[in-house]
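Please look at the sequence and the structure before reading on.

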Protein chains: 2
Amino acid sequence: MNAENNSKDTGTSTALMTDMYEYTMLDAALQDGTAGRQSVFEVYTRHLPAGRRYGVVAGTGRILDALADFQPSEDELRFLSDRHIVSQTTIDWLEHFRFTGTIRGYREGEIFFPDSPILQVEGSFGECTLLETLILSILNYDSAVASAASRMVTAAKGRPCMDMGARRANEYAAVAAARAAIVGGFQGTSNLLAAKEYGFKAIGTAAHSFTLLHDSEREAFQGQIQALGKGTTLLTDTYSIEEAVRTAVEVAGPELGGVRIDSGDLGSLAQQVRAQLDSLGATKATITVTNDLDEYAIASLQDAPVDSYGVGTMLVTGSGAPTCAMVYKLTERENSDGVMQAVAKKSVGKASVPGRKLAYRSYHNGVADAEHVISGAEEALAAYKPEQDWRDLLVTYVDHGQSMPEYQGGQAVLDAREHRAKALEEMPINALSLMKGEPVLPTLVRSI
Amino acid sequence: MNAENNSKDTGTSTALMTDMYEYTMLDAALQDGTAGRQSVFEVYTRHLPAGRRYGVVAGTGRILDALADFQPSEDELRFLSDRHIVSQTTIDWLEHFRFTGTIRGYREGEIFFPDSPILQVEGSFGECTLLETLILSILNYDSAVASAASRMVTAAKGRPCMDMGARRANEYAAVAAARAAIVGGFQGTSNLLAAKEYGFKAIGTAAHSFTLLHDSEREAFQGQIQALGKGTTLLTDTYSIEEAVRTAVEVAGPELGGVRIDSGDLGSLAQQVRAQLDSLGATKATITVTNDLDEYAIASLQDAPVDSYGVGTMLVTGSGAPTCAMVYKLTERENSDGVMQAVAKKSVGKASVPGRKLAYRSYHNGVADAEHVISGAEEALAAYKPEQDWRDLLVTYVDHGQSMPEYQGGQAVLDAREHRAKALEEMPINALSLMKGEPVLPTLVRSI
């Protein structure tokens, strides 16, 4: 987000958005001669949040932005040196640091499952190890929000969902959340910085404070309409909703844009307000509901005359799953003879699958039926021929240090939203269920 | 965090870390003449997360940092104008914007309850309304993390807790989380940017990838010790823990600093590893455990020979409560006659308490027994005499636009940690219970 602000002397780059051990491992590896070993790291998750049927990848475009800014400033290098976190050898190495590796992975908006190789980062151990925390921070949070958003959008059955969650997330995370919400199928955001950075539709109504500020509700509505036009959305639950709706139509006339309800039993209130609006001739005025909505609350409102949903807390906190459990694991590396070898840890309950991977989705009668993860040596994978109707799930994000511009910026987010919609359409119908259950596709991992 | 990066032309300030409605309300209020009305906004929460006994305030120091940077850049003003979010009158007003109001509130590290007036922001409606989302974003996230951290620290009974959660939070939120963890009683963080920004102790061990990178575990341990000294902490669960511990002591000798265990049944493994270390003469080597710890897991390890806890996911996601439910409500404002009036909305289930507030804590035999919130007109509050042993909970953070430096920077975070420890000591013993229950103090709200 702040690429333009980074300066070589005092700026904040993304290079210290890491855990200390990444720098100390780099330092030790530079000293014992292993830092240059060619390595493949993989991002994947061992499990989805309990009961979830699928996840939605988000954040990869932001990784490319963060990479562009991953050069420690002089100030940051001084910190690493003054605190004796790394030796002078490493400071020298970092002065010229630029990621020259290759990153492949699932598209933004792609559906993922346990063991999906969401991202693979290939380069020297030194350059890849530095990116661990930053990549995980971005993917874990953004994918948590996009995955929750996607369920809400499904529950909304075509009615627009809008992000209003900024106040319930860290102020920077809020911008990422707005972006991830769009990936997950949302239509707009109340967050201005996100709207500016990515060109998103910005939305908003008014707070209760605006009504309270004025000597009467009528004066508040008049003030809002004067400034924003009759198409604006008026907040109606500061005092009596019935009175507010009457006043709203009196002030705006039947051209009133809409009203927002932010408390009470939203379903029955929406019925009452719709009837009242219609009786007053404001048949085109829309009803927006807000107030701690989640996918279940949205689903319960499907018969209520609601036109759009403003979602806050539960969106930006991943609706019960505020982070994904994605990890970043070394799966292949050069040995002392310069030969690439698959590697894996054996920790109890946390063993990893060795080797670099390909990933495909197979279909039966047009419906996805399995995820195929093929692991093997580079040459074996290059020669591998998938079944004809399998869809290749991997794209190249960074090729030898060169980021692909089509995955960055606001258009990439809209592309990701479209991709999510298509990928979800291909899934078994169970994917759309809010009932707790198993992942809708099995992931079949196999070595060649 | 990026105050130094802001430039008047292209920089990112904190001024768009808002919901759009704050700017449209400002615009409407400037046009109808109400923007200049003197106003008091209050931050409070209607409830704690289910079952929690208390919360810990965190983030106020960061609000002061964010305020210093709350001037829209030219680029941001252009966005507001090009998108027709506000009128030219408002653009002109924003060009000279500087917050000139007053902010009072609970100290960082203070214990809070439902209805505690955590922050009160006083100034013109226009300047105060712009800060709503930014203030809530900061307080809601930081206090969620500090509140969870505080429970973990209590459960750890004096053993140090370390933040290792960066990878499970947005990359900027991770820095705020590290800071909030310290407020909540943590001793250090793995996050380098937080360590740099606030001067915190940086901690870390090594990842499994470092062991896997080398041709043998022995070579990995040798490399790490070569670079970091024998006092380093070696990760022992990549292959066999028993073998790793033997190798660790062989390589480092009895001066080995410590080992980390990141999988399996941590309690019984810690017992085994302690016995093995002792039998090998490494009696001073410490044991750090990690792996999805929360306050309950930490409590269950109190009899295990563990020296420190590395906490990740559950810390930075607030251990089940990833945000607080704090809101920002107008409680008093000037009417059209220039007279200050208490105001409150009446929304179902979300009614607010009108008027500006004082807040005190009372004690019985040295133990806190109630929170007293006194609301009233400015003059009445100025004349109010609390009971002699009541502790005044409010401090002034910003006085007519002037921020108090003692609440900013790294030392303020350490002061907040100390304040939390003292404030928690004064609480009824139930505050330390991890059992679900009611807030340990009642909040008695009264108008004068």
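The points below concern salt bridges in a predicted model. Over all chains, the count comes to 48 salt bridges.

**Pairs between chains**

- B:Arg167 and A:Asp19 form a salt bridge through their side chains, with a distance of 2.9 Å from N to O.
- This pair joins two chains, because B:Arg167 lies in the loop between β6 (161-163) and α7 (173-183) of chain B, while A:Asp19 lies in the segment before α1 (20-32) of chain A.
- Both B:Arg167 and A:Asp19 are buried.
- A salt bridge also connects B:Asp215 with A:Arg333, where the closest N and O atoms are 4.0 Å apart.
- This pair too crosses between chains: B:Asp215 is in the loop between α9 (208-213) and α10 (217-228) of chain B, and A:Arg333 is in strand β12 (residues 326-334) of chain A.
- B:Asp215 has a relative accessible area of 32% and is partly exposed, whereas A:Arg333, at 4%, is buried.

**A pair within chain A**

- A:Arg151 and A:Glu295 form a salt bridge in which the closest N and O atoms are 2.8 Å apart.
- The two residues are 144 residues apart and link distant parts of the chain, with A:Arg151 in helix α6 (residues 132-156) and A:Glu295 in helix α13 (residues 295-300) of chain A.
- A:Arg151 has a relative accessible area of 7%, so this residue is buried.
- A:Glu295 is likewise buried, with a relative accessible area of 1%.

**A network**

- Salt bridges link A:Glu110, A:Arg361, A:Glu371, A:Arg391 and A:Glu426 in a network.

Terms used. Residues numbered from 1 in each chain as written. Chains lettered and ligands numbered in written order. Predicted model: local features only at pLDDT ≥ 70, side-chain atom pairs only at ≥ 80, totals over all residues. Heavy atoms only, no water. Helix = DSSP H or I, 4+ residues; strand = E, 2+ residues; numbered from the N terminus. Buried < 20%, exposed > 50% of the residue type's maximum accessible area, 1.4 Å probe, protein only.
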